[in-house]
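Thanks for coming. I have one chain to walk through this morning, and I will keep to what the coordinates show.

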Amino acid sequence: GQMAMALVLVTGAGLMARTLTNLRRVDMGFDPHHLLVFRLNATQSGHPEAELPAFYERVREAVAAIPGVRSVGFSDQSHVGAGFGAGYGIEIAGRAGEPLSSSGLTASDTFLATMGIPLLQGRWFNTSDTPSSGRVIIVNQAFAEKMFPGETPVGKTCTIGGLEHAIVGVCGNARLYDFRMEVQPIVYFSYRQRPSPEAWFEARTALPPTALGTAVSKAVAQLDATIAVAGLTTQRELADRLVAQERMFASLGGGLALLSLGLSCVGIHGLMAYLVRRRTGEIGLRLALGARPIDVSRGVLQEAALLAGTGALLGGLAAVGATRVLRGYLYGVAPQDPLTLTTAAVLLGIAAIVAAWLPARRAARVDPLLALRCE
């Protein structure tokens with residue numbers, strides 16, 4: 001029973017560990033390392049909305065001038081880890097009646113390049129994209145393939161929120177909001193044409209990002225001491241927060257699995273030691289009649305392996321049903337994953353053999369004369 005329960009817990013812990021590993025390996029579409037993240041809300045300090053793009057651009061230049069900072073961009077929300085699902089209805093000429101939608105993000109000229117999202121066609125935003133000029137957008141590859149299959153979207157127009165926007169660029173796909181979600185169509189608006197009260201800054205650094213936190217706060221304070229730098233963290237930390245639940249389950253499951261495995265080892269060790277002690281006379285007689293010590297120890301190990309095998313069989317059947325409870329928490333691995341079940345069973349067998357090794361060794365060292373004299 002202990003071995004069966006241990007197998008169920010070890011299997012569950014293995015599934016959660018593989019889920020956590022799979023999540024950490026998800027390709028976000030950009031490099032989350034060496035990215036310092038912070039947010040500002042200039043409207044809380046009295047800056048009118050019309051002046052926000054210019055003020056945030058000055059902040060961008062001040063932060064970019066800090067030694068160790070390679071590039072800086074900003075948007076109305078973080079790309080991954082601290083955003084919200086803003087959706088937009090899309091209207092395209094000749095596609096009437098077909099419901100089209102896309103997620104959206106408002107970004108500065110340098111945001112996509114700072115994030116490391118590649119430009120595939122067209123151009124980035126630039127200083128010519130002003131409120132008085134025609135509205136422009138950059139779309140990701142998923143948007144281009146869905147809205148304009150087999151066509152080049154650059155130069156085409158679409159209506160968003162009742163306003164016509166020209167597509168000036170196509171960029172690579174990147175995860176938005178939560179990297180567990182599949183890649184979705186994304187529209188990037190120019191921050192100059194669509195200012196937002198709050199701006200999330202992303203600074204690509206050559207040094208550890210957190211080492212520049214104080215310098216960033218000073219740079220912002222020199223422009224406006226009344227604005228507080230909020231949410232100073234790294235993009236990697238924001239991404240890690242999304243898997244906090246999976247990490248907790250993996251840690252908790254791993255701890256319980258180790259405890260159960262330890263109790264099983266103690267149980268097998270105690271049982272084998274008890275059996276060896278009860279069979280001392282028999283073992284001595286076998287040795288006196290010519291049995292080799294290795295034959296005696298092999299017999300003890302085989303009994304331990306039989307116990308472990310029976311426990312693994314029962315535990316495997318229980319694990320197949322129990323792990324279905326984890327289905328909603330798994331990513332990239334099935335509840336009845338054969339590799340995880342097999343690995344857990346092998347680990348259980350190794351633990352049982354190790355636990356029975358000392359009793360088996362003790363049995364092999366029984367003195368036949370002493371054992372027979374005691375009999």
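Predicted model: local features only at pLDDT ≥ 70, side-chain atom pairs only at ≥ 80, totals over all residues.

The secondary structure comes to eleven helices and eleven strands.

Next, burial and surface. Of the 375 residues, 46% are buried. The accessible surface is about 17,900 Å², and carbon and sulfur atoms hold 59% of that.

Now the core. In soluble globular proteins, nonpolar side chains tend to be buried together. Here the largest nonpolar core has 32 residues. Phe30, Leu112, Ile117, Ile138, Phe179 and Tyr188 are the ones with the most contacts inside it. Which elements give two or more residues to this core? They are helices α1 (2–24) and α3 (111–115), together with strands β4 (100–107), β6 (136–140), β8 (163–171) and β9 (186–190). The largest share, four residues, comes from α1.

Leaving out residues up to four places away in sequence, Ile138 touches Leu112, then Arg123, Trp124 and Phe125, then the run Val168, Gly169, Val170 and Cys171, and finally Ile186, Val187 and Tyr188. Two of those partners, Leu112 and Tyr188, are also on the list of residues with the most contacts inside the core.

Now to the loops. His34 sits between α1 and β1 (35–41). His34 has a positive phi of about 60°, although it is not a glycine. Is His34 buried, partly exposed or exposed? Its relative accessibility is 39%, so it counts as partly exposed.

The loop between β5 (119–122) and β6 holds two residues I want to point out, Thr130 and Gly134. Thr130 is partly exposed at 24%, whereas Gly134 is exposed at 52%. Thr130 and Arg194 are 64 residues apart along the chain, with their C-alpha atoms separated by 9.4 Å. Gly134 and Gly253 are 119 residues apart in sequence and 56 Å apart in space, C-alpha to C-alpha.

Gly262 is in α7, residues 244–278, and is partly exposed, with a relative accessible area of 32%. From the C-alpha atom of Gly262 to that of Ala107 is 54 Å, for 155 residues along the chain.

Ile353 belongs to α10, residues 338–364. At 32% relative accessibility, Ile353 is partly exposed. What does Ile353 contact, leaving aside its neighbours within four places in sequence? The partners are Leu301 and Ala305. Ala312 is 41 residues from Ile353 in sequence, and their C-alpha atoms are 13 Å apart.

That is the end of the tour.

Notes
Residues numbered from 1 in each chain as written. Heavy atoms only, no water. Core = buried A, V, L, I, M, F, W, Y, C linked by side-chain atoms within 4.5 Å. Buried < 20%, exposed > 50% of the residue type's maximum accessible area, 1.4 Å probe, protein only. Contact = heavy atoms within 4.5 Å. Areas by Shrake-Rupley, 256 points an atom, 1.4 Å probe, with all protein chains shown as cover.
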